[in-house]
Amino acid sequence: MAINTKPSSAYLFFFSNFPSPSPFLNPTTIFYPNYNKKHSFLLPSPHKTNIFAINASLTSTKSPPAFQTLSNDTNDDPISILNERIRREQGGKRVNRPKVVDSGEADKYIQMVKLQQQRGLQKLKNNREASSNSNQGFSYKVDPYTLSPGDYVVHKKVGIGRFVGIKFDVSGRIDSKGADAPIEYVFIEYADGMAKLPVHQACRFLYRYNLPNENKKPRVLSKLNDTSAWEKRRVKGKVAVQKMVVDLMELYLHRLKQKRPAYPRTAAMSEFASHFPYDPTPDQNQAIIDVEKDLTERETPMDRLICGDVGFGKTEVALRAIFCVVSAGKQAMVLAPTIVLAKQHFDVISARFSRYHGVKVGLLSRFQTKSVKEEYLRMIKHGQLDIIVGTHALLGDRVVYNNLGLLVVDEEQRFGVKQKEKIASFKTTVDVLTLSATPIPRTLYLALTGFRDASLISTPPPERVPIKTHLAAYSNEKVLSAIKYELDRGGQVFYVLPRIKGLEEVMEFLERSLPGVEIAVAHGKQYSKQLEETMENFAGGDLKILLCTNIVESGLDIQNANTIIIQDVQQFGLAQLYQLRGRVGRADKEAHAYLFYPDKSLLSDQARERLAALEECRDLGQGFHLAERDMAIRGFGNIFGEQQTGDLGNVGIDLFFEMLFESLSNVEEHRLTSVPYQSVELDMNVKPHLTSEYINYLDNPVEVINEAEKAAEKDIWSLMQFTENLRRQYGKEPYSMEILLKKLYVRRMAADLGVSRIYASGKMVGMITNMSKKVYKMITDSMTSDMHRDSLVFENGQIKAELLLELPKEQLLNWIFQCLAELHASLPALIKY
């Protein structure tokens with residue numbers, strides 16, 4: 001159907017009086033009808049009254065023109081596809097990236113990240129061997145001798161295979177005695193055959209294939225004779241790593257941009273430290289130094305993880321931080337997951353601060369009466385409590401702090417999702433110190449990558465001995481034997497079940513079997529007084545056996561209790577088991593942990609793996625290593641909130657981590673500097689002429705174009721929103737309007753990519769850009785379209801493409817639009833300054 005482009009006389013009259021507001025319109029095609037109040041994305045025209053006088057017919061209600069191009073089906077046009085892709089690539093929501101960051105400041109932040117990584121990995125990853133070259137960081141490569149037949153492995157260049165075994169094979173070389181020299185080879189099964197490689201080569205290229213869930217089996221094995229599929233998977237994993245680095249950088253930059261005055265370092269701090277009754281271990285002392293530096297030498301809020309086994313002195317580190325903050329007139333909050341642990345913290349803090357009469361310590365929990373709780377809330381609000389200890393009740397909306405300076409979180413993994421979100425909200429304004437023996441995967445992950453400060457206390461106090469761990473199927477005889485052994489040497493016993501149901505049955509069994517032995521039950525649903533009394537009696541030695549749930553998991557320090565029995569062990573998490581085992585062995589007496597399962601054949605693979613990990617981590621100070629194993633078993637958790645980050649299934653955890661650390665070490669290579677939208681030159685003589693019929697159909701057409709340009713100048717999200725609102729109001733635009741929108745999208749995407757000029761000469765298209773060759777390679781590696789990737793080259797600061805044919809101008813614009821859309825999809829993997 002032919003489209004009439006002849007304007008009406010009223011239209012020509014109107015535009016003889018008003019200049020063209022846009023380079024996309026000329027005097028024969030500009031339009032300016034009235035403002036439609038129903039659609040808020042259009043601004044009212046200052047000339048609205050004149051329009052009514054000129055042509056009243058333009059204000060009448062109009063039906064959509066009968067254009068074939070005005071279809072409402074916008075699901076498969078290029079602009080809709082691009083909009084949907086941007087939402088998908090950037091998590092479905094607008095990404096608030098830092099708009100203006102000084103280049104020098106950005107360099108400083110990046111160096112801080114790299115230094116933190118280099119400093120932290122040596123300590124945090126002490127269970128892995130460091131490379132002889134410190135610049136190469138740590139290797140996640142697997143020692144072939146630690147593999148078992150059937151294990152899945154990843155060869156960096158070939159892909160995923162199944163380990164068969166190691167055996168000697170004749171090399172074809174002659175030794176000094178003239179005989180064939182056999183060499184040890186690693187044999188790996190792939191989808192299309194068996195590969196063998198010398199052990200010394202395997203050590204350089206092989207990784208164990210792990211996934212963060214129960215399914216350890218890869219979807220497919222790679223092919224020896226066709227590595228293209230593996231290369232695509234590896235590149236996809238690399239892009240996921242790059243996106244993660246960008247997210248981490250922005251998280252880190254946001255935290256570093258928060259400011260607070262540094263705390264004064266005073267003589268009183270040394271005096272407080274002198275009252276610690278023990279000599280700090282080297283690790284503990286370093287953790288104390290780290291925290292003091294965070295508080296007294298930095299002007300950004302602290303967010304430090306103190307990782308150390310139970311009884312290794314994390315609490316003392318927290319006490320030093322609390323004193324520093326409180327002595328400066330700020331409040332400190334100590335958050336514990338259970339009332340038992342909160343009460344213990346309250347007792348320890350009260351005793352330690354007893355000589356400082358001006359410091360008031362309070363305990364807030366759900367077990368308090370309403371009147372007591374109300375009084376505490378009033379005191380907290382008016383600054384009459386300096387140190388507030390409690391459970392998640394401290395995170396309630398009714399708790400208003402007068403001048404909160406420090407939040408200490410003990411065993412973060414025990415809190416729920418809502419509590420963790422509330423804790424995270426504090427981190428932008430106050431200093432946060434997290435204590436944990438087995439940090440949750442998210443916390444561990446951020447510490448490993450250097451984006452969260454961490455101190456590891458791995459040296460046990462003097463005279464501490466490892467806990468003997470016994471893993472066995474349950475039997476009454478084994479349980480009674482373990483209890484009698486402990487009672488005969490004058491000790492006490494924890495007996496732990498996974499839930500309240502079943503406690504009574506075990507109680508009856510124990511009372512029948514051990515007459516005259518003092519036994520009591522403890523669980524979270526008991527009244528506060530009853531629970532408190534039971535705990536005090538057990539701590540005082542009046543009770544010999546405490547039959548309980550995992551309410552005793554954290555914090556209980558009873559030196560005479562050196563045997564713990566855990567029944568139905570398969571129902572506990574790895575971190576829980578490690579914490580429970582830590583309830584014993586707090587003195588110099590050898591302690592025993594008995595882990596009983598009903599029937600090993602009933603255990604899931606994941607449960608078996610947890611128990612095997614716990615058996616392996618028998619030495620003191622292995623909580624961090626165990627947490628790392630837990631991360632491999634359970635997964636990383638939802639690191640950035642709404643979506644799981646990274647495509648671990650493509651390459652496995654170990655290779656993913658190595659790529660991550662490699663990417664972090666070269667984080668400056670991710671940097672891309674965008675250019676101002678107005679500075680982008682599009683040297684193409686494409687001038688779309690809007691039809692008079694579409695012009696008459698629009699309300700305020702000139703305002704529409706002005707708003708389109710304003711949206712494009714702001715950011716891609718504003719342009720997307722404008723386009724969708726336009727289509728929602730008027731339906732799918734005709735081809736000429738689509739070309740106009742594409743020109744806006746092209747300039748906007750070019751600005752985001754650092755492209756300052758796009759030009760065409762014959763069959764050649766050129767884009768002048770400020771991006772580096774490494775950034776260009778990073779972008780093209782992640783492109784999904786081979787057609788565009790294969791046609792592009794990077795030369796002397798220009799991206800060039802030579803087409804097969806010289807295209808008409810509008811077709812050429814379409815090609816550039818599609819090409820930039822492919823390049824633009826990689827932006828989430830780049831740091832923009």
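Trainee: Before we start, what are the ground rules here?

Mentor: It's a predicted model, so local features need pLDDT of at least 70 and side-chain atom pairs count only at pLDDT 80 or more, while totals for chains, interfaces and linings use all residues. Residues are numbered from 1 along each chain as its sequence is written, and side-chain values use heavy atoms, with hydrogens and water left out.

Trainee: What is the mean pLDDT of the chain?

Mentor: pLDDT is the predictor's confidence in each residue, from 0 to 100. Here the chain averages 76, and 72% of its residues reach 70 or more. Residues 1-63 stay under 50, though the model has 113 contacts for them beyond four places in sequence (contact means heavy atoms within 4.5 Å). Residues 633-646 are also below 50, with 43 contacts beyond near neighbours in sequence. Where pLDDT is low, the predicted coordinates should not be read in detail.

Trainee: How many helices and strands are in the chain?

Mentor: Both are DSSP runs, numbered from the N terminus: helices are H or I with at least four residues, strands are E with at least two. This chain has 28 helices and 25 strands.

Trainee: And what share of the residues is buried?

Mentor: Buried means under 20% relative accessible area, exposed is over 50%, and partly exposed lies in between (1.4 Å probe, protein chains only). Of the 833 residues, 54% are buried.

Trainee: Which residues does Met-507 touch?

Mentor: Not counting residues up to four places away in sequence, Met-507 touches Ile-519, Ala-520, Val-521 and Leu-547. Met-507 sits in helix α15, residues 503-513, and counts as buried at 15%. Met-507 and Val-521 are 14 residues apart in sequence, with their C-alpha atoms 8.0 Å apart.

Trainee: How many disulfides are there?

Mentor: A disulfide is a pair of cysteine sulfur atoms within 2.5 Å, and the count is zero. As for individual cysteines, Cys-203 is partly exposed at 34%, whereas Cys-548 is buried at 0%.
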